[in-house]
Amino acid sequence: MTLHIDIPEETLSSILAKAFRNTAFVAGFVITLLILAMAIVSYAWTPYDVTKLVISDKTQAPSLAHWFGTDHFGRDILSMVMVGARNSIAVALVAVGIGMGVGVPLGAFAAARGGLVDEALMRLNDLVFAFPALLSAIMITAIFGPGAVNAIIAIGIFNIPVFARVARAGALAIWPREFILAARAAGKSSTQISIEHVLPNIATLLLVQGTIQFALGILAEAGLSYLGLGAQPPMPSWGRMLFDAQTRMVVAPWMAIFPGMAIVVAVLGLNLLGDGIADILDPKSRRQR
Amino acid sequence: MSLLDIENLSLTIGDTPILKDIELSVAPGEVMGLVGESGSGKSMTALTVMQLLPHAARATGRVTFDGIDILAATEDQMCALRGDDIGMVFQEPMTALNPVKTIGEQVAEGIRWHTKASRAEAEDRARKMLDRVGLPEAKFPMSRYPHELSGGQRQRVVIAIACALKPKLLIADEPTTALDVVLQAQILDLLRDLVAESRMGLLLISHDLAVVTEMADRITILRHGEVMEAGDTARTLSEQFHPYTRQLAQASMHVPARARLHGNETGRPLLQVEGVTRDYPGRRPSLFKRAPGIRAVDDVSLSIAPGRSVALVGRSGCGKSTLARMILALDRPTSGTISFRGETITGKSQAELKPARRDMQVVFQDPYGSFDPRQKVEKLVAEPLHVLEKKPTRAERHEMVAHALHEVGLDQRDMDKYPHEFSGGQRQRLSIARAIITRPKLVVADEPVSALDVSIRAQILDLFAELNQKLGIAYLFITHDLTVARAITDEVLVMHDGKIVERGKTNEVLDHPQSEAAKALVTAAPDLHRAIARRMQEQG
């Protein structure tokens with residue numbers, strides 16, 4: 001039965017129109033935008049200076065003056081959450097960049113070459129995958145010393161196999177297609193084909209994985225700085241704030257609640273965004289709508 | 001009194017009208033052929049009868065099956081009908097079966113569901129049905145899985161499922177389109193026997209006029225969701241009263257005008273294939289054992305003179321496409337040599353192959369799959385240009401693409417479009433534009449027209465013929481369709497089980513085949529002239 005229901009490739013405007021009908025996408029998009037805005041605003045302005053200790057104001061409950069309250073040194077929690085956002089975003093973003101920059105070419109190369117090269121690369125991949133990411137990140141920062149840069153590298157390395165796998169799986173599905181055969185018959189090398197035909201066709205896949213890894217990166221950064229291995233004081237970070245709040249949970253619960261919420265909301269927002277993008281661009285879900 | 005009666009059936013999906021005032025009837029024991037090109041509403045008519053339409057579809061009119069008003073029937077009533085009184089056979093045997101269930105389970109499933117028979121009883125009946133469709137117990141136990149069967153065998157299983165409960169009406173939607181001609185003839189014979197045996201009505205849907213003429217007592221011709229002409233098969237097709245009927249019949253027998261032969265036999269051959277063999281290693285059941293390999297191409301030698309058009313015909317799986325890939329240097333032969341323009345191309349690196357690639361291009365079967373959906377036409381058609389010695393500038397490239405598009409009958413404004421904006425026939429033109437842009441000496445075309453409607457097919461064959469005359473391009477046409485071979489080629493090579501078993505002038509081989517394989521192909525090929533003649537004779 002030739003029921004070629006041809007799904008037309010959408011124009012940009014129709015994709016956008018569809019995007020704004022997708023609740024997950026809109027919610028994720030708004031949340032992500034808010035967090036980003038918060039981080040950017042923190043460069044220019046924060047309600048209070050986060051490096052200034054005002055002992056007389058210590059552990060104040062949320063009030064009009066301090067919306068999120070103050071910590072045990074009298075620093076404004078709202079300001080700290082804002083500055084912490086830029087740290088989290090920077091670490092997660094660069095880590096995703098490292099993962100994509102190294103992982104995608106590796107995966108595409110493995111898919112293009114096949115055989116032993118593919119096998120060797122993927123087993124190496126498995127090896128990296130086999131280590132619990134956070135544990136290894138702790139190991140790396142323990143060896144090279146704590147700090148935001150080392151946290152980025154540690155998280156980045158563990159993003160590589162994820163992207164390599166996704167890129168390889170996507171590329172393997174594209175390679176047997178006839179238009180690749182046509183390109184080969186036109187004499188294009190496998191590198192050229194990978195860049196011109198394979199990558200654009202797996203771009204959406206990578207975009208979705210990117211948002212998910214971004215969320216995981218924020219979590220990992222919070223984990224590392226909670227253990228004291230991420231950004232160092234006096235630079236505030238969400239994980240560090242949670243650590244400080246730990247012993248004062250009963251007396252000053254707001255010290256834990258607000259940075260904790262920041263982490264939850266950021267991760268939730270990014271996951272919703274990723275889900276939304278996948279829904280909008282996935283031809284299967286398109287058909288059901 | 002007829003079994004199925006469709007009156008004034010109109011169908012819209014969303015705001016798009018799909019069918020308009022369809023009239024159709026099938027009597028018990030009658031074969032009704034429903035013919036039309038893609039998008040004419042054939043499949044939608046079938047789905048309306050089964051009530052398997054998409055949700056947005058709205059049908060009006062009357063559809064009566066065996067006294068039951070189908071359009072008013074509830075889903076429960078339909079479930080009782082489907083698979084019991086109405087059976088359906090789909091086009092694609094590869095996807096119509098559930099891959100994780102055995103064939104026995106799949107045939108027995110419907111029997112148990114509809115008759116409340118016990119498992120043993122149902123399996124017994126399933127076994128009998130499988131025997132009936134030509135899958136005997138000894139070779140095809142019920143514990144086989146679909147992937148262990150070939151395409152033709154799977155289609156037999158699909159027919160077994162559809163006919164297991166002796167339906168009153170069988171709807172077969174392009175049941176043989178995915179099969180080669182020999183299998184097609186076998187499946188059609190089976191359907192004809194089943195109809196005769198149990199006085200089942202058969203609604204046979206096809207785009208192939210010859211197939212329908214051979215099978216159907218009456219035909220209905222659809223176009224754009226409307227019935228163009230309906231009536232007795234022999235009379236309708238011999239008188240060709242309606243202009244559209246005439247157009248369809250002519251398109252399916254179309255032979256492009258080709259003034260003269262290009263090139264001569266005495267010259268140096270353009271392509272020379274000598275003793276080429278390709279083995280595929282067998283599966284490795286354990287570390288130390290290896291199943292015997294498969295020899296896909298076995299000691300094949302052939303040559304093509306410049307400007308000649310050669311057909312390579314054979315059944316599916318005979319090694320045609322493997323041979324084509326080796327000629328295009330996309331695959332390496334296990335042994336033997338291939339030389340092009342007097343130079344050996346086997347064993348050369350990609351860089352060394354560049355000059356050869358310039359003169360050798362390819363057109364694929366599937367006009368949907370052979371273009372990257374994310375690139376614009378200009379880039380896609382220009383793809384082979386990068387093998388040129390001198391890289392063309394942007395302006396030159398633009399000019400060349402425009403010229404190539406013009407040559408295949410497309411507008412140069414089409415350059416900024418994406419492939420999905422074109423119809424199947426237009427895409428095949430794009431494919432040809434891409435193939436001729438480097439002014440090649442040889443174009444290998446792998447089933448280039450088998451996915452197209454007859455009228456589009458006629459146009460594309462004309463285009464191939466014209467380019468052969470104008471540019472002197474030699475063709476290697478790979479096809480299982482003998483009408484295509486006859487229409488456009490000078491010589492034909494018949495391939496069977498990896499070997500070339502017969503070769504010669506196209507008309508001679510197709511009129512007087514010598515080898516078993518060629519004879520099988522020729523007798524199985526549906527032929528409109530012959531089918532009409534036979535129909536006329538039967539009726540006296």
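Start at Leu312(B): its bridge partner in β18(B) is Ile478(B). The two strands behind that pairing are β13 (residues 309–313) and β18 (residues 474–479) of chain B, which pair in the parallel sense over five bridges. Here two strands pair if DSSP finds at least two bridges between them, and strands (E, at least two residues) and helices (H or I, at least four) are DSSP runs numbered from the N terminus. As background, strands of a sheet pair through backbone hydrogen bonds, either parallel or antiparallel.

Before going on, a word on the model. It is a predicted model, in which local features need pLDDT of at least 70 and side-chain atom pairs count only at pLDDT 80 or more, while totals for chains, interfaces and linings use all residues. Residues are numbered from 1 along each chain as its sequence is written, and chains are lettered from A and ligands numbered from 1 in the order in which they are written.

Now zoom out from that strand pair. β13 and β18 belong to an open sheet of six strands in chain B, ordered β16-β17-β18-β13-β19-β20, with mixed pairing. At the edges stand β16 (360–363) and β20 (499–505) of chain B; each has a single partner strand, so one side of each is left without a neighbour in the sheet. From one strand to the next the twist averages 20 degrees. Packed on this sheet is helix α10 (residues 320–327) of chain B, which touches β13, β17 (442–446), β18 and β19 (491–496) of chain B, and its direction makes about 150 degrees with that of β18(B). For the angles, axes are lines fitted to C-alpha atoms (for helices over the stretch in contact), and values run from 0 to 180 degrees between N-to-C directions. Touching, or contact, is when the C-beta atoms of two residues, placed from the backbone, lie within 7 Å.

Which residues of α10(B) are buried? They are Lys320(B), Leu323(B), Arg325(B), Met326(B) and Ile327(B). Buried means that 20 or more other C-beta atoms lie within 10 Å of a residue's own, with 12 or fewer counting as exposed and anything in between as partly exposed; the C-beta atoms are placed from the backbone. Just after α10(B), Ala329(B) takes a positive phi of about 60 degrees.

Back in the sheet, Ala311(B) sits in β13. Ala311(B) counts as buried because it has 27 C-beta neighbours inside 10 Å. Leaving out residues up to four places away in sequence, Ala311(B) touches Phe477(B), Thr479(B), Ala485(B), Thr489(B), Val492(B), Leu493(B) and Thr506(B).

Chain B has another open sheet of six strands, in the order β6-β7-β8-β3-β9-β10 and again with mixed pairing. Its edges are β6 (86–89) and β10 (226–232) of chain B, each with a single partner strand, so one side of each is left without a neighbour in the sheet. Here the twist averages 15 degrees from one strand to the next. Inside this sheet, β3 (residues 31–35) and β8 (residues 201–206) of chain B run parallel and are joined by five bridges. Met32(B) stands opposite Leu203(B) in β8(B). Helix α5 (residues 151–163) of chain B packs on the sheet, touching β6 and β7 (169–173) of chain B, at about 170 degrees to the direction of β6(B).

What about chain A? There are 11 helices and zero strands in it. Its C-alpha trace spans about 75 × 45 × 30 Å along the principal axes, and buried residues make up 43% of its 289 residues. For one helix pair, take α9 (residues 238–246) and α10 (residues 254–281) of chain A, whose axes come within 8 Å and cross at roughly 155 degrees. In α9(A), Trp238(A), Met241(A), Leu242(A), Asp244(A) and Ala245(A) meet Met255(A), Ala256(A), Pro259(A), Gly260(A), Ala262(A) and Ile263(A) in α10(A).

Finally, the chains meet: 28 residues of chain B are in contact with 21 residues of chain A. On the chain B side, α11 (350–358) and β16 each supply at least two residues. The largest share, four residues, comes from α11(B).
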